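Thanks for coming, everyone. Please have a look at the next slide before I start talking.

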Amino acid sequence: MKKLILLLLTLLMFSAMSAIEVDLDESIKLARENNKDIQAEEYSVKSAKWGKFDALSNFLPRASFNSTIVRIDDDTYDEATQVMQVPVLSPMGIPTGDFIPFSSSAMGTGFHQTSYTNSITVQQPIFNGGKIILGYQLASLAKQQAEISLENKELDITYTVASTYFGYLKFKDIHILTQKSLASSVSHLEKVEKNFEVGTAKKSDILQWKVKLNNDKTSNFEIENGLEEIVSFWQNLIGSEESIPTKIQLEMYDVEINDLAAMKAVEITNAKQKFLKKVELASPTLNSIDLINKMMKKSYWMAKGNFLPSVNMQFDYQIESDDEFDLSGEDNWNLVAAVSVPLFTSGSNFSKVKQAKYELLKTKKQTEYVRDNYLIAAENVYNKLITNARIVQDNKIALEFAKENHKLINQLFEQGMITNSELLDAEIMLFGSEMNLISSYYDYVLTKFETKKYKGEMEE
């Protein structure tokens, strides 16, 4: 049995050595480069930038070249060009008996069966109830919202990568403990079997250690499956199939854990207020909520703009209007200033203002509710950080007691002063204390990353 366990440990060490170790910062970097959700948000930012450029173009003039060809049917053309005799009138309005020939084709402008007209039109908006300005401001806010959405997505992916990273390391450390417990169970079982052969142990002692050995095997198998699942998910997140997380030294967090655990009630309150202040200033989620309210206000003002007049300028330059397409016909130009004042719209403009007003009020209430809940959740996470720091210290003390107890029990068992069941209990207590300490360390580290997420921080 010992040889089998040593073989398993050797295989595990070999597989670990053949894999490429990646630290947390590199994991996060790879995930940001390869994650499709982040790439989609990046495209949204680019789209919003072009949307802002489009809104800006509404301030600028628009020029267009217009070309038309008009063909009149033969009957209409023949009728229009038919020569008519128009009587000549005297100054008194009395016909003189003379006639002059007249036809449309004899007019100064000419009359053609096929006419070509080419012109250039330039339009310049002057004022349209503030819609152009508000439209540009809305596009600018939409761009900011897309950037915040990208930042939020990066924070989500960062936290997911970190939680998976630490989850793997936690399972890995627990796996080491289960291997250690398995080896201890094998060793004790062999000792009890030898003692049974010489009559110093009972059959029940052997059965108890066999039960523990089977439990250790089952736990070891479950943890190995869990390791395989979590590392596959992590590798998919970062886009690397041959990597494993780099092991960290949990003791590096001892100083900050001790500082947090030693904080008094007043210190905790002050530190929590500072934390919440940072959340209010830097959280992408809260910034997004503020932007939503600003956008709704702009929409409300835009609805009010429907009551205001609009002023637009248009310049038309006709290059030609002739029977041939040669851009050399008669030219003329005109300039139009158009002013439109809405007088009555059957209540449509009033209804739009009311609708925008209540949408604004609804959004304000909804965002206030979301904001309050978000700050409550942030406060709870900070409380959880303090609690987890204290749990780490408690589990350290518990492990020291469990080690001392295990040492004493082993000495007494060697002297034959205690039963096998008491030794078994000491083994289970020691294993449980070691597992609790490791779990509490990783719970603390993960909670620390959760507080960073609320503050909008993505680095370790």
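First, the ground rules. This is a predicted model, where local features need pLDDT of at least 70, side-chain atom pairs count only at pLDDT 80 or more, and totals for chains, interfaces and linings use all residues. Residues are numbered from 1 along each chain as its sequence is written, and side-chain values use heavy atoms, with hydrogens and water left out. Helices (H or I, at least four residues) and strands (E, at least two) are DSSP runs, numbered from the N terminus.

As a reminder, strands of a sheet pair through backbone hydrogen bonds, either parallel or antiparallel.

Let me walk across the pairs. Strand 5 (residues 114–128) and strand 7 (residues 310–322) run antiparallel and are joined by twelve bridges. Look at Thr-117: its bridge partner in strand 7 is Ser-321. Phe-127 has Val-311 as its bridge partner, again in strand 7. Next step over: strand 7 pairs with strand 8 through nine bridges, in the antiparallel sense. There, Tyr-317 is opposite Trp-333 of strand 8.

On to the helices. Two packed helices are described by the angle between their axes and the distance between the axes. Axes here are lines fitted to C-alpha atoms, for helices over the stretch in contact, and angles run from 0 to 180 degrees between N-to-C directions.

How do helix 10 (residues 348–414) and helix 11 (residues 420–455) cross? Their axes cross at roughly 160° and come within 7 Å. Helix 10 and helix 11 are therefore roughly antiparallel. The cut-offs: under 35 degrees is roughly parallel, over 145 roughly antiparallel, 65 to 115 roughly perpendicular, and the rest oblique. The contact of helix 10 with helix 11 holds 21 nonpolar, eleven polar and nine charged residues. For those classes, Ala, Val, Leu, Ile, Met, Phe, Trp, Tyr, Cys and Pro are nonpolar, Asp, Glu, Lys and Arg are charged, and the others, Gly among them, are polar.

Helix 10 also meets helix 9 (residues 284–304), with axes that come within 9 Å and cross at roughly 170°. That makes helix 9 roughly antiparallel to helix 10. This contact has twelve nonpolar, five polar and eight charged residues.

Two terms: buried means under 20% relative accessible area, exposed over 50%, partly exposed in between (1.4 Å probe, protein chains only). Contact means heavy atoms within 4.5 Å.

Lys-143 sits in helix 5 (residues 131–197). Is Lys-143 buried or exposed? Buried, at a relative accessible area of 19%. Not counting residues up to four places away in sequence, Lys-143 touches Ala-48, Lys-49 and Lys-52.

Val-445 is in helix 11. It is buried too, with a relative accessible area of 0%. Beyond its neighbours within four places in sequence, Val-445 contacts Phe-166 and Tyr-253.

Finally, Ile-20, in strand 1 (residues 20–22). Ile-20 is partly exposed, at 47% relative accessible area. Leaving aside neighbours within four places in sequence, Ile-20 is in contact with Glu-242, Ser-243 and Ile-244.

Definitions and conventions: Two strands pair if DSSP finds at least two bridges between them.
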